Amino acid sequence: MSRRTLLMSAAALAAAAPLAAAGVAGAAAARTPKVLVIGLDGALLNRIKDADAPHLDALMAAGLTSVSPLYADPMAPTLSGPGWSTIITGVWPDKHHVKDNAFTGNAFDRYPDFLTRIETAKPALSTYAVASWNPVTDTIFSAKVDTRVSTPDAEYDTGTTSRAAAELAGGNRDAVFVHLDNVDHAGHSYGAASSEYLAAIHGVDTQVGRLVAAVKGRATYGSEDWLIMITADHGHTDAGGHGGASAAERQTFLIATGGGITAGSTRYDIKMPDVAASALAHLGIAIAPAWGLDGRPLQQPTPDAFDTLRPKLQTRVDETGTGAAVLGFTHTPPAGWSIDNSAMGTGGVTEWRGWTFTTDEFWTAAERGQWRETNVRARNVFAVADGDEWVDKSYTGTFDSTLVSPAWPVTGGRTATLAYTTHYRQEAPQKGEVLVSYDGAAPVSVKTYTSDTVSVNESIALKVPAGASTAQVRFRYTGGNNWFWAVDGVSVTSG
C-alpha cells in the first residue's frame with residue numbers, strides 16, 4: 001500500500017541580540033530576494049545526519065540548523081495535514097483548525113498560505129508550488145497562487161523534482177514551494193531505524209542537490225538573494241508511523257541558507273510557523289499584527305532572559321523519563337530574576353522543586369500525553385512550575401513557588417503592558433496568580449488562572465500609579481498533586 005493510500009485511509013478513519021550572534025550575519029547586498037522552500041515529508045534530522053546526504057550536509061554547513069518540536073494531541077496529532085498547514089500558513093493548529101488529513105473545518109480563509117499572502121501584498125511577484133502529496137497543492141495553497149502543480153501518482157517525487165528544477169532553472173519565480181514524499185513512504189513501510197529509510201534520505205538528498213544546482217545555475221543568480229529553507233512536517237518512530245506524542249514523531253527541523261545567514265550556525269528558538277514568516281520578511285513584506293501569525297522571521301531573533309540560561313542547563317537528577325545525557329533544567333534564574341521558595345514544600349523530584357527553567361525536550365519527556373506538548377508558543381528555554389511531576393518522589397507540604405522578575409522602568413500615571421506566553425493546565429485546588437509591585441510596594445493581583453489556558457500570548461494593560469517608576473512581576477503557583485504552569489517571553493513595556 002502506498003504512503004498516500006495509508007494517509008488517506010488514516011484521514012478517513014480520523015475524519016534583540018545581534019543578528020550575527022543569533023545566526024544571521026546581516027543584511028545582504030541589494031539583490032533581488034527570492035525564496036525556495038523544500039518540504040521533506042516525514043524526515044528526521046538525526047537520520048539525515050546518519051545517512052549519505054552530502055547536499056543536505058553542505059546546506060547545514062553553509063547555513064543554520066534548528067530542531068523544532070511540534071504539538072501533539074489535544075492540539076492536533078502529528079500528521080501531515082496539520083504539519084504542512086502549520087508550516088505553510090505560519091500559525092499553529094489551534095488557529096488553522098486542521099486536525100487530520102481530511103482538512104475538515106480548516107480556517108485557511110482566515111489564515112491563508114504564505115504564497116497567497118505574497119500574491120495579496122505584491123501581486124507582481126510570481127509564485128509556484130508543486131507537491132507529491134496532492135492535498136498540499138490542492139487544499140492548503142489557494143487558487144491565488146500563480147501556479148499549483150499536483151504531481152500525478154505515477155510520477156511521484158521524480159516528476160515533482162523535474163518540474164521544480166525546470167521552473168527554478170528557466171523561470172522567473174520569486175517564491176517556490178516543493179514537497180517531496182518518499183522519505184515518509186519509507187518510514188511507513190520500513191520504519192525510521194531501517195536501512196531503507198536511510199536510502200530514501202539519500203535519494204531525496206540527490207533531488208535537493210538538483211534543485212539547489214538549478215538555483216545556482218541561473219544566469220541571473222549573481223544578482224539574486226535566495227533564501228533556501230528545508231523542513232519537515234513530522235517525524236517517525238523507529239518502527240514506522242507517526243501521529244503520537246513521542247519525541248521522534250514530534251521532531252521537525254529547519255535548515256536555512258542565504259539571506260545573510262551565518263554559516264554553520266545552530267538556533268534553538270525557531271518554530272515551524274517561522275518558515276512562512278521568514279519567507280514573507282525576505283521578500284520585503286511587512287507582517288501585519290492583524291494577520292495573527294504565530295511565526296516570526298528568523299532574520300529578526302528576539303531572545304529573552306530565559307534563553308541566556310541554555311549554557312547552564314543540567315542533566316537529570318531524579319527525573320527518570322528524560323534521557324541521562326539530555327541537558328535541560330536549572331533552578332538558577334537569569335540576571336535580575338529570582339525564585340521565592342520560602343513557602344515551598346520539601347523533598348519531591350529535584351528537577352521540579354519550585355519554578356524550573358527548562359526546555360521542551362526535557363520537560364515533555366517527564367510524562368508524555370498530558371498536554372505539555374501543546375506549550376507551542378514558548379521558545380528555547382522557558383519557566384515551569386510542575387506540581388504533577390514534583391510529587392513523583394516523597395515530599396512534604398504543598399507546591400508554593402513564586403517567580404520574580406526584575407524591576408522594569410515604567411512611567412507613573414500612564415499605561416504599561418505586561419506580555420508573556422502562558423500554558424496552564426488546571427486541577428483544583430491549584431492556582432496561578434500574576435501580581436505586580438510598583439516601586440517595591442505590596443504586590444497587587446492582575447491575573448488569576450483557575451481554568452485551562454492552553455498556550456496563549458497574554459497582554460495585560462497595567463495602570464501605573466502616579467509617581468511610580470518601576471514595576472516588578474510575580475508569577476505564583478500553588479498546588480500539590482495537580483498540573484502545571486509554563487511561562488515565557490515576559491516583558492513590561494511602558495506606554
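**Rings, helices and a glutamine: a tutorial**

Tutor: Let's start with the rings: the structure holds 23 aromatic pairs. Here, rings of Phe, Tyr and Trp (its six-membered ring) pair if their centres lie within 6.5 Å. This is a predicted model, where local features need pLDDT of at least 70, side-chain atom pairs count only at pLDDT 80 or more, and totals for chains, interfaces and linings use all residues. Residues are numbered from 1 along each chain as its sequence is written, and side-chain values use heavy atoms, with hydrogens and water left out.

Student: Why is the pair of Phe399 and Tyr477 called edge-to-face?

Tutor: Planes under 30 degrees apart count as stacked, over 60 as edge-to-face and the rest as tilted. The ring planes of Phe399 and Tyr477 stand at 90°, with the centres 5.1 Å apart, so edge-to-face it is. Phe399 sits in strand S15 (residues 399-409) and Tyr477 in strand S20 (residues 470-479), 78 residues apart. Both Phe399 and Tyr477 are buried, where buried means under 20% relative accessible area, exposed over 50%, and partly exposed in between (1.4 Å probe, protein chains only). Strands (E, at least two residues) and helices (H or I, at least four) are DSSP runs, numbered from the N terminus.

Student: On to helices. Why are H9 and H10 called roughly antiparallel?

Tutor: Two packed helices are described by the angle between their axes and the distance between the axes. The axes of H9 (residues 182-190) and H10 cross at roughly 175° and come within 9 Å. Angles under 35 degrees count as roughly parallel, over 145 as roughly antiparallel, 65 to 115 as roughly perpendicular and the rest as oblique. H9 and H10 are therefore roughly antiparallel. The contact (heavy atoms within 4.5 Å) involves Asn182, Val183, Ala186, Gly187 and Tyr190 of H9, and Glu196, Tyr197, Ala200, Ile201 and Val204 of H10.

Student: How do you know that Glu196 is partly exposed?

Tutor: Its relative accessible area is 35%, so Glu196 falls in the in-between class. Glu196 belongs to H10 (residues 195-216). Leaving aside neighbours within four places in sequence, Glu196 is in contact with Ala186 and Tyr190. The C-alpha atoms of Glu196 and Ala186 are 6.3 Å apart.

Student: Why is Gln370 called buried?

Tutor: With a relative accessible area of 17%, Gln370 counts as buried. Gln370 lies in the loop between helix H13 (360-366) and strand S13 (382-386). Leaving aside neighbours within four places in sequence, Gln370 is in contact with Asp388, Glu389, Arg425, Trp483 and Phe484.

How values were computed
Axes fitted to C-alpha atoms, helices over the stretch in contact; angles between N-to-C directions.
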